[in-house]
Amino acid sequence: MGKIVKVSGPLVVATGLKEANMADVVRVGEQRLIGEILTMTGDSASIQVYEETSGLGPGAEVVTTGSPLSVELGPGLIENIYDGIQRPLEEIIKKVHGNNLPRGVEVPALDREKKWDFTPTVKPGDKVVGGDIIGTVQETTSILHKIMIPPRMKGTIASIESGSFTVTETVCVLEQEDGSKVELPMMQKWPVRVGRPYKHKYPPVIPLSSGQRIVDTFFPVAKGGTAAIPGPFGSGKTVMQHALAKWSDVDLVVYIGCGERGNEMTDVLREFPELIDPRTGETLMKRTVLIANTSDMPVAAREASIYTGITIAEYFRDMGYAVAVIADSTSRWAEALREMSGRLEEMPGEEGYPAYLSSRLAQFYERAGSVSCLGSDEERRGSLTAVGAVSPPGGDLSEPVSQATMRIVKVFWALDASLAYRRHFPAINWLNSYSLYLDSLKPWYDEHLGKEFLQNREWAMAVLQEEASLNEIVQLVGKDSLSPKDQITLEVAKMVREDFLQQNSFVDIDSFSEYDRQGRMLALIHSYDIQCRAASEKGGSLTELFEIPAREGIGRAKSVPADQYVAEYAKLADEMEQQINAIAEKGEEAL
């Protein structure tokens, strides 16, 4: 037990903690506020308190729990809403009968009274190792929760029972190699700052299908990959992340509202239960874990929130699921890190951020990956995809958080406020964004979508880049002074932007676009480009070529129902060829 000698905001210095260790969780003062030891000097400890410290003063007692900040992992995580240190917000509201989070409240992360139907998958006498699945619980209609042996244990199943149990009741007795017996409940704990182990990490080779054409076709992220969404205020970061959470072909989403505005987090809490999961037809919450640490909550808990979220995600990854972690936003997490660093009187780095900002960001993103899960089951593979939003002040991407993130992640979706104001959604700037996964994903694209898919993608990118350089000339001399080839380039680039890249998130048909549909749409536009250039060389009128009915049909192609688009696109391609050939023949006759 120690005594407080100094209080500086969320930082508390206490002496008399010789028995404590770095990263231990402590209880501070009469209200037993939760804190974590950051540094130790002799018997003096600097403690980061995760709750409001007003009223604390020198002389108050500090008691160490002897264990690091950990999360509870087991049935009951899904559909729950936690704060940054895994306190269940809905349960706290029921307990205190109010909307404000009181200090020192102690509510377990997983419900201790709810019973879950446990079905064993092993029998007494079976040898098991860490990560082996010993039973299952149907947690929601979307997720079968797999109960695993804790990573560092192995032995023989002495006994196992089926039936209804709470998360703390023993479901299995494990006899370890030294003869000792361990009672295993359905719940296990894991320290948040330590990545959960796995057998092997593989290079990501399968794309994460998001249904957003600019993401899937132009700047794809792989399952088990890392991506960042930087953009200024009002450019649509949160909207983009909501779209990813809803449409991505992952089994589970962990959404971390890290320092978000309260009203945006409220939108998430209201929207997600109402959104229908396209994979199951159930509410999206059936495969979602929400962590809400809004900007008015204590700064220290914001710093811990992304570790809490990614540890929960790793737990489901270890079951063999594809998981997406969406952190909104890492800039506000970095601000919390800067504030704590300042109070610890550490030497500041660029713009006041601590010198270890880059390494902390890397520690977060490096926990993503496509892995072979622990256990004797060779086939179990899981993936964890990390997507972080970055909110640079004033949209300045040269600031430290954006630069550090760009050095780590392999996909960069640069949001553009000017596109957002023009109602172009997703407002991703195709000239500033990039994806480094294209080479590793190429075999998948070639096998499933054909070699022409990436060829059409390269052509479209070239057209958009050419349009950017032609626009400078157009501003000087006007569009009519351009050559026919350049005028076709501008028209086709407009089609790529407006008919392909732009999506309407309020129209169900257009808010999600599968890969096959994307490939066929882009092939139509490419075919139009090739045929227009051929017709132009034969003397065809550009005005007529740009006004053919099929041109308007391509513009409406994204609103064709999902069960009709294959036939409609084939019919449109035939009509387009006939209409362009007719104009080409007319041009040849005129010549």
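**Notebook: surface, fold and helices of a predicted model**

I began with the surface of the protein chain, for which the accessible area comes to about 24900 Å². Carbon and sulfur atoms hold 50% of that area. I note that the model is a predicted one.

I then looked up the overall dimensions. The C-alpha trace spans about 95 × 55 × 40 Å along its principal axes. The chain contains 17 helices and 26 strands. Of its 591 residues, 55% count as buried.

I next examined the contacts with a separation of 6 or more, and found that 69% of them join residues 24 or more positions apart.

For charge, I recorded 61 positive and 84 negative side chains. The centres of these two sets lie 3 Å apart.

I turned to helix α3, which covers residues 237-247. How many of its residues are buried? I found 10 of the 11, so the helix is largely enclosed by the rest of the structure. Among the buried residues are Met240, His242, Leu244 and Trp247. Lys237 and Lys246 are also on this list.

My last entry concerns a pair of helices, α10 (residues 438-449) and α11 (residues 451-477). Two packed helices are described by the angle between their axes and the distance between the axes. Here the axes come within 6 Å and cross at roughly 125°. The helices α10 and α11 are therefore oblique to each other. I also looked up which residues meet: α10 contributes Leu438, Lys442, Tyr445, Asp446 and Leu449, while α11 contributes Lys451, Glu452, Phe453, Leu454 and Arg457.

Technical notes:
Residues numbered from 1 in each chain as written. Predicted model: local features only at pLDDT ≥ 70, side-chain atom pairs only at ≥ 80, totals over all residues. Heavy atoms only, no water. Helix = DSSP H or I, 4+ residues; strand = E, 2+ residues; numbered from the N terminus. Buried < 20%, exposed > 50% of the residue type's maximum accessible area, 1.4 Å probe, protein only. Contact = heavy atoms within 4.5 Å. Areas by Shrake-Rupley, 256 points an atom, 1.4 Å probe, with all protein chains shown as cover. Lys, Arg positive; Asp, Glu negative; His and termini not counted. Charge placed at Lys NZ, Arg CZ, Asp CG, Glu CD. Axes fitted to C-alpha atoms, helices over the stretch in contact; angles between N-to-C directions. Parallel < 35°, antiparallel > 145°, perpendicular 65-115°, else oblique.
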